[in-house]
Structures are given as structure tokens and as C-alpha cells.
Amino acid sequence: MAHKRKTYRYRNAVEIEEYHTGRYGAPGQKRKEKAKPTPEQMEKVNQRNKEKLCRRKLRKWFREEDPYLTLTYARQERPPDMKMAKKQFEKFVDCVRKEYRKRGAVLRWIRNIEVGTKNAWHIHMILNRIPDTDLIVARAWAHGLVEMIPCNKKGDVRKLAAYLTKTPRTDPRLREASYSASRNLPLPKPEERIVRRWETWEEGIVRIPKGFYLDKESYHEGINPVTGFKYREYTLLRMTQEGGKNADRRHLHRDKPAGARKGKGKGDLPDERKKGGRDAPRAAAADRGV
């Protein structure tokens, strides 16, 4: 069965989505019965998509040295509700944006306003760094302290995106949360192609091109509850001198049933890197990205 592949390229990463549809025929592919998604399923899908969108904005527009902020509230400065907290943040951003403009820079940001079950308010935020960012932010935030660290100290991009999109569902310590990002973070469209060579991919097997390794925690397979067809997604990260030393450089192996034949599976991605084939990620350089 043919399947569609979407490829998203960033400076140090390539994200890949593969999924089946009935549009191109489905010989030999067992389709699960269609079912209306439950509210819980839709909530999980929406959260996953929000994290995915945040992650791609981080990869495209931010770098390792950009600051990760936690804006705290003094007890007497805590807002009465989320509406007031958003207004306070807007005032803060307006002030920071003006200072960036004075220096010939454009402000870009992603944030999550959070209030805990014990009424402790704070704002997590990442913004692009310029030489005076620490002074600008400290002067602009009038409701408490500002904690600032390089965003790479919060973990990899995938974990940072999950942290910036937390909700009471994903973190029971929260009572309410509000995620948002500046409008000047556009994302390019992915490369799309129809793969007609194989009936399907072999579960858990990915061919990794030279210079990259598989982020194992990014690998996900499932059944689309709407279409009833399989899908999978994963991320390839560029090798560095320090990164990826212990990663699988060619395959991700899942447990196989006894007696499964060795060698190249029918679902392997072609290893065309020897001739610079079109299926090997080319890691096109982006203007910015993590």
C-alpha cells in the first residue's frame, strides 16, 4: 500500500510523518473500523498537535542560547484571574518590544501562563536574545522576580515544547494554563511525496542517513481513529561531537516475533545516501532553529 510522507527540515533536525490513506489503494492493508473519537481521544490529539506546533516553532526560530524565562509574582501582585494575567503579560511584552525596536531587533516569543492549585501564578517564556535582553526584561516585569537561563538547560526541544504547553490535564499541579506565541513565527510547508514502493513500513524499523541519529523518544506509531489507517512519526537529529554517541545510527529495533527473518525489511526506508538519493534527509539550513 502506498503511503504519504511529510518531511519537515530544520537546522539540526528532520521531522518525518508517514501515514496511510485509502486514496492510493490499500491492498493487503487491514483497515481498522472507523469510530467517532471520544472527547478524551480528541483532547490527546489536540494536545499532541499543540506540542508539535510549539516544537517546530522552537526549531525554526530559536537557538540554544536564547533565554528561558520564569516571570514570578509577588504574593500581593497575584492577578485575580487569567484575563488580568494576560493583560499584564501584554503590557510586559509591549515594553520589551519597544526596547527591541530601539535596538533594531524584532521580538519573538512563546509563553505559557500558569496558576497552580495553591494559587501561585507564574509565566514560562522563551524569547530571542539580544545583548541587553536581561536588563530589558528585568525592567519591564513589575510584578515579581525574573529567573533566566539558556533554553537548552531545560532539556531538548521536544521536552521544552511539552513544558511550554502544559495544561491541568498534563500536569495536575496546575489549576489553569494559557499557551500563546507571537504571530511572527511562520512555519514553512513540509515536503510531501507519495511512497509507492512498499505495502507499508516495518514496525519499529527506520533507516537513518549518515550524519543523523534517531531520537528514540520521538518515535510514535498508532492508528488514526478517524481514518482507521496506521501512521507513524519520528525525528532525526544531526550528529555533533558530543551528541548522539549512544544513539542507534541506522535502525530503531523493536522486539520481533520469534523466527522473524533477518536483513532488510519490506518497510525499511531506502539507504540511498550512498548515491545521494532523494529519500536521504538533506538537512537544508534554516535561518534560525534549534
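Contact here means heavy atoms within 4.5 Å. Helices (H or I, at least four residues) and strands (E, at least two) are DSSP runs, numbered from the N terminus. The model is predicted: local features need pLDDT of at least 70, side-chain atom pairs count only at pLDDT 80 or more, and totals for chains, interfaces and linings use all residues. Residues are numbered from 1 along each chain as its sequence is written, and side-chain values use heavy atoms, with hydrogens and water left out.

**Exercise 1.** Find which residues of helix 1 and helix 4 meet, and describe how the two helices cross.

*Solution.*
1. From helix 1, E51, C54, R55, L58 and R59 meet V157, R158, L160, A161, A162 and L164 of helix 4.
2. Sorted by class, this contact has seven nonpolar, no polar and four charged residues (Ala, Val, Leu, Ile, Met, Phe, Trp, Tyr, Cys and Pro count as nonpolar, Asp, Glu, Lys and Arg as charged, the others, Gly among them, as polar).
3. The axes of helix 1 (residues 39-61) and helix 4 (residues 157-164) come within 8 Å and cross at roughly 125 degrees. Axes are lines fitted to C-alpha atoms, for helices over the stretch in contact, and angles run from 0 to 180 degrees between N-to-C directions.

**Exercise 2.** Give the strand order of the open sheet and name its edge strands.

*Solution.*
1. The order of the five strands is 6-3-5-4-7, with antiparallel pairing (two strands pair if DSSP finds at least two bridges between them).
2. Strand 6 (146-150) and strand 7 (174-181) stand at the edges; each has a single partner strand, so one side of each lacks a neighbour in the sheet.
3. Strand 3 (residues 67-72) pairs with strand 6 over five bridges in the antiparallel sense, and Y68 has I149 in strand 6 as its bridge partner.
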